[in-house]
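Let's take a friendly walk through this structure, going from single residues to the chain as a whole. Keep the viewer open as you read.

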Amino acid sequence: MRSVHVCIGCAALYLPPEDMTYPSLGLTASPAHCTEPGCAAAVREAVAFSGLPEDKLGELARRAVGLEGQPRRPRPRQRPARGRRAAAAPGGGRGKLR
Ligand SMILES: [Zn+2]
């Protein structure tokens, strides 16, 4: 299955071919950056800096934007227990300084 990738350099989403090559261009797709030369350089730096391989960085980026792993859901709101007063609104209540 083709998977959408996210570029670490410019945050663009891209969809490389399944075999990760562009035969007509003689290029290989990277799991971590798009085809912009600046992005390739940014990822080389990120690899050198983090010590992680390119495909791992790409996976982390996909996870960070929610393309891989569990879908991100907002946390359910905390409900007060039955019979208890609801939590105070932010900024509510009185303080000595006001
Ligand atoms: Zn890019």
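Is methionine 20 buried, exposed or partly exposed? Methionine 20 is partly exposed, because 14 other C-beta atoms lie within 10 Å. The cut-offs behind that word are simple: a residue is buried if 20 or more other C-beta atoms lie within 10 Å of its own, exposed if 12 or fewer, and partly exposed in between, with C-beta atoms placed from the backbone.

Before going further, a word on what you are looking at. This is a predicted model, in which local features need pLDDT of at least 70 and side-chain atom pairs count only at pLDDT 80 or more, while totals for chains, interfaces and linings use all residues. Residues are numbered from 1 along each chain as its sequence is written. As for pLDDT, it is the predictor's confidence in each residue, from 0 to 100. The protein chain has a mean pLDDT of 86, and 92% of its residues reach 70 or more. Where pLDDT is low, the predicted coordinates should not be read in detail.

Now for the layout. The protein chain holds 2 helices and 4 strands, and along the sequence they follow the pattern β-β-β-β-α-α. Helices (H or I, at least four residues) and strands (E, at least two) are DSSP runs, numbered from the N terminus. Among these elements, α1 has the highest mean pLDDT (95) and β4 the lowest (87).

Back to methionine 20, which sits in the loop between β2 and β3 (21–22). Its phi is positive, about 60°, although methionine 20 is not a glycine. Setting aside residues up to four places away in sequence, methionine 20 touches Thr28 and Ala29; two residues are in contact if their C-beta atoms, placed from the backbone, lie within 7 Å. Proline 31 is 11 residues from methionine 20 in sequence and 8.2 Å away in space, C-alpha to C-alpha.

Alanine 11 also has a positive phi, near 65°, in a residue other than glycine. You will find alanine 11 in the loop between β1 (5–6) and β2 (13–14). Alanine 11 counts as exposed because it has 12 C-beta neighbours inside 10 Å.

Beyond residues up to four places away in sequence, serine 30 touches Val43 and Glu54. The C-alpha atoms of serine 30 and leucine 57 are separated by 11 Å, with the two residues 27 apart along the chain. Alanine 11 and serine 30, 19 residues apart in sequence, are 14 Å apart in space, C-alpha to C-alpha.

The largest nonpolar core has 8 residues: Val6, Cys7, Ile8, Ala32, Cys34, Cys39, Val43 and Ala61. Such a core is a set of buried Ala, Val, Leu, Ile, Met, Phe, Trp, Tyr and Cys residues joined through C-beta atoms within 7 Å. Apart from its neighbours within four places in sequence, cysteine 7 is in contact with Ala12, Tyr14, His33, Cys34 and Cys39.

Helix α1 has 14 residues and reaches 20 Å from its first C-alpha to its last, close to the 20 Å expected at 1.5 Å a residue; the expected span is 1.5 Å times one less than the number of residues. Just after α1, glycine 51 takes a positive phi of about 75°.

Finally, step back to the whole chain. Its C-alpha trace spans about 70 × 35 × 20 Å along the principal axes. The radius of gyration is 22 Å, whereas a compact globule of 98 residues would have one near 13 Å; the radius is taken over C-alpha atoms, and the globule rule is 2.2 Å times the number of residues to the power 0.38. Buried residues make up 14% of the 98 residues.
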